[in-house]
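Take a look at the fold below.

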Amino acid sequence: MPYEAAKPNRSPSAEELRERIPGWGADSDPEHRRTWQQRDDIGDTGAHWRLPERQPGGERRERSIEHMMLPPVFGTAQPLHGISGRIRRFAYDRLGETKNTRWLLLVLGDRAEAWGAHLRSFVSAHPDNPVTQTGVLAERRRHPLSSRFGTGRLDVRHTWMDPLIVAGPWVAAVVLIGAVTRRARGRR
């Protein structure tokens, strides 16, 4: 259990593992393979509680399936919502932290949230401005050539893709809106 003064011993001892698993520990001679000196003389840690009072409202909060419970205090400012929330909820509820699929789904959820924010900005009075928000104008004032060449920057390799990645969705949105507008005018 997390957040306790005394560390619980949840893992079986080496003797128990040797009895249960044939050949376990064959390569772990403690005299030759010691990488960490385990200390039993630490004593009192100074923790004055067993488990803090739990924050209410954690029934549907995200947590890894490997953990028994949420920490006593957790954030509630950005609850999961929409398609991105469903993607993230699936990743948290079904997949463990060691699965690459889980992390790829969490990244996909982030991308879905970003696209949702872009689409919501079109409806608002202040849509996103890709020119100023990407720092393109600041690039011109901050020594663009001398800062890129001869300094060993790794991002120089993908610099040619940046305009496509940043402007590509905007161009696609304009083309899509134009096609929908032409089709709507053609039906009239």
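Start with Arg60, which sits in the loop between α1 and α2. This is a predicted model. Leave aside the neighbours within four places in sequence, and Arg60 is in contact with Arg89 and Asp93.

Is Arg89 buried or exposed? Its relative accessible area is 18%. The cut-off for buried is under 20%, so Arg89 counts as buried. Which residues touch Arg89, leaving aside its neighbours within four places in sequence? They are Arg60, Arg61, Glu62 and Leu80.

Go back to the loop for two glutamates. Glu53 lies in the loop between α1, residues 14–20, and α2. Its relative accessibility is 75%, so Glu53 counts as exposed.

With a relative accessible area of 42%, Glu66 is partly exposed. Not counting residues up to four places away in sequence, Glu66 touches Gly96, Glu97 and Thr98. The C-alpha atoms of Glu66 and Leu95 are 9.3 Å apart, and these residues are 29 positions apart along the chain.

Next comes helix α2 itself. It covers residues 82–94. At 1.5 Å a residue, its 13 residues should span 18 Å. The end C-alpha atoms of α2 are 18 Å apart, so the model agrees with that expectation. Which residues of α2 are buried? They are Ser84, Gly85, Ile87, Arg88, Arg89 and Ala91. The cover over these buried residues of α2 includes α3. An α-helix has 3.6 residues a turn, so residues three or four places apart point the same way.

Helix α3 covers residues 100–123. It has 24 residues. From first C-alpha to last, α3 reaches 35 Å, close to the 34 Å expected at 1.5 Å a residue. The buried residues in α3 are Arg102, Leu105, Leu106, Gly109, Ala114, Gly116 and Ser121. These buried residues of α3 pack against α2.

How do the two helices meet? Helices α2 and α3 pack at an angle of about 165°, and their axes are 8 Å apart. Angles over 145 degrees count as roughly antiparallel. The pair is therefore roughly antiparallel. The crossing of α2 and α3 is left-handed. On the α2 side, the contact is made by Ser84, Ile87, Arg88, Phe90, Ala91 and Tyr92. On the α3 side, it is made by Arg102, Leu105, Leu106, Leu108, Gly109, Asp110, Ala112 and Glu113. The residues of this contact between α2 and α3 divide into eight nonpolar, two polar and four charged.

Finally, step back to the chain. How many helices does it have? There are seven helices and zero strands. From the N terminus on, the elements run α-α-α-α-α-α-α. Buried residues make up 14% of the 188 residues in the chain. Take the contacts in the chain with a separation of 6 or more: residues 24 or more positions apart account for 43% of these.

How values were computed:
Residues are numbered from 1 along each chain as its sequence is written. This is a predicted model: local features need pLDDT of at least 70, side-chain atom pairs count only at pLDDT 80 or more; totals for chains, interfaces and linings use all residues. Side-chain values use heavy atoms; hydrogens and water are left out. Axes are lines fitted to C-alpha atoms, for helices over the stretch in contact, and angles run from 0 to 180 degrees between N-to-C directions. Helices (H or I, at least four residues) and strands (E, at least two) are DSSP runs, numbered from the N terminus. Angles under 35 degrees count as roughly parallel, over 145 as roughly antiparallel, 65 to 115 as roughly perpendicular and the rest as oblique. A crossing is left-handed if the near helix is turned anticlockwise from the far one by less than a right angle, and right-handed if clockwise. Contact means heavy atoms within 4.5 Å. Ala, Val, Leu, Ile, Met, Phe, Trp, Tyr, Cys and Pro count as nonpolar, Asp, Glu, Lys and Arg as charged, and the others, Gly among them, as polar. The expected span of a helix is 1.5 Å times one less than its number of residues. Buried means under 20% relative accessible area, exposed over 50%, partly exposed in between (1.4 Å probe, protein chains only).
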